[in-house]
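Hi,

Here is the structure I said I would pass on. Have a look at it first, and then read my notes below.

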Amino acid sequence: MSDLSRSEQEALARRLEDAGWGVVPPEQHQAAWDPSFQNFWDQVRDTTLISPERGWALAEAVRYVIRNNVPGDVAECGVWRGGACLLASLVMAEEETEPERTIWLYDTFTGMTAPGSEDRIASSGQDLADRNPEGWWAAGVEEVRRTLERSPLDQRRFRFVPGPVERTLAETRPERLAILRLDTDWYESTMAELEQLYPVLSPGGVLIIDDYGHFTGARTAVDRYFARRNESPLLHRSDYTGRVLVKPGNASR
Ligand SMILES: C[S@@+](CC[C@H](N)C(=O)[O-])C[C@H]1O[C@@H](n2cnc3c(N)ncnc32)[C@H](O)[C@@H]1O
């Protein structure tokens, strides 16, 4: 589009509209976002794979738990270059009063572990084992630390837990969480995260699932975990793949 003149772009948009396709320029599409979020997003977008809509959902979740005094830390499982954690920290720095919350970063820091039989691409059904994705999205601890140096928060508030979550979560867990963000994509890791961390999420805390729509493994783990608990929570959709759940219960009781 960029090599078209403005009038050519407008003519093209009109033709598409006549054919039933509305064209919304990005700046108009994003106009409802507050300037503070746009500013944060501009600072993190080169260090995260998440969409702006999923970034928005995370930023709103951080605002919500702080404004409503939902107790606990923030954890992300699957951080890649750390951009989502940086985003959470920018919102925390803007909003926060006492107590200070820790941001927990769970990752192998060497990329994806091997997928299992449950793990497919939801839209195509393609078996991920056929794509040999082990080691995809590798970003080391030093690279993530460089991302987090952009944060105004004291660096000691970031807690790195390196290794596969199937092992590390059994040993190193926060006492209480206000936000739990799951982004390791596969069934086994997502199930381990739910089993180990959902019980420490405060009532009124927010669970965010990045890959419910994109990967079958993440979706199956979430559905099976809540079925086992005999719970049918509302999974609110942030975009085609992101889901947001507020844990039932009253945080102040
Ligand atoms: C899609 S990326 C995460 C994207 C990130 N949240 C962002 O904001 O861009 C998936 C991450 O999960 C990590 N990962 C995959 N399987 C894991 C496992 N079993 N244990 C720990 N980390 C894992 C990978 O190393 C990778 O950094």
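Let's start with a pair of helices: the axes of helix 4 (52-67) and helix 5 (residues 83-95) come within 9 Å and cross at roughly 35 degrees. Helices (H or I, at least four residues) and strands (E, at least two) are DSSP runs, numbered from the N terminus. Axes here are lines fitted to C-alpha atoms, for helices over the stretch in contact, with angles from 0 to 180 degrees between N-to-C directions. On helix 4, the contact uses Gly55, Leu58, Ala59, Val62, Arg63 and Ile66, and on helix 5 it uses Ala84, Leu87, Ala88, Val91, Met92 and Glu95 (contact: C-beta atoms, placed from the backbone, within 7 Å). Sorted by class, that makes nine nonpolar, one polar and two charged residues. Ala, Val, Leu, Ile, Met, Phe, Trp, Tyr, Cys and Pro count as nonpolar, Asp, Glu, Lys and Arg as charged, and the others, Gly among them, as polar.

A quick word on the ground rules: this is a predicted model, where local features need pLDDT of at least 70, side-chain atom pairs count only at pLDDT 80 or more, and totals for chains, interfaces and linings use all residues. Numbering runs from 1 along each chain as its sequence is written.

Now the ligand. Of the 23 residues around the ligand, Thr48, Leu49, Gly78, Trp80 and Ala84 come nearest (a residue is near if its C-beta atom, placed from the backbone, lies within 6 Å). Helix 5, strand 2 and helix 7 (165-171) each give two or more residues to this shell. Its classes are 11 nonpolar, eight polar and four charged.

Next, helix 9 (residues 216-228): its 13 residues reach 18 Å from first C-alpha to last, close to the 18 Å expected at 1.5 Å a residue (the expected span is 1.5 Å times one less than the number of residues). Thr216, Gly217, Ala218, Arg219, Ala221 and Val222 are buried there, and the buried residues pack against helix 8 (187-197) and strand 5 (201-209). Buried means 20 or more other C-beta atoms within 10 Å, exposed 12 or fewer, and partly exposed in between, with C-beta atoms placed from the backbone.

Most residues other than glycine have a negative phi. Asn69, in the loop between helix 4 and strand 1 (73-77), has a positive phi near 50 degrees. Trp137 has a positive phi too, about 55 degrees, and lies in the loop between strand 2 (103-107) and helix 6 (141-148).

Cheers

Methods
Contact = placed C-beta atoms within 7 Å.
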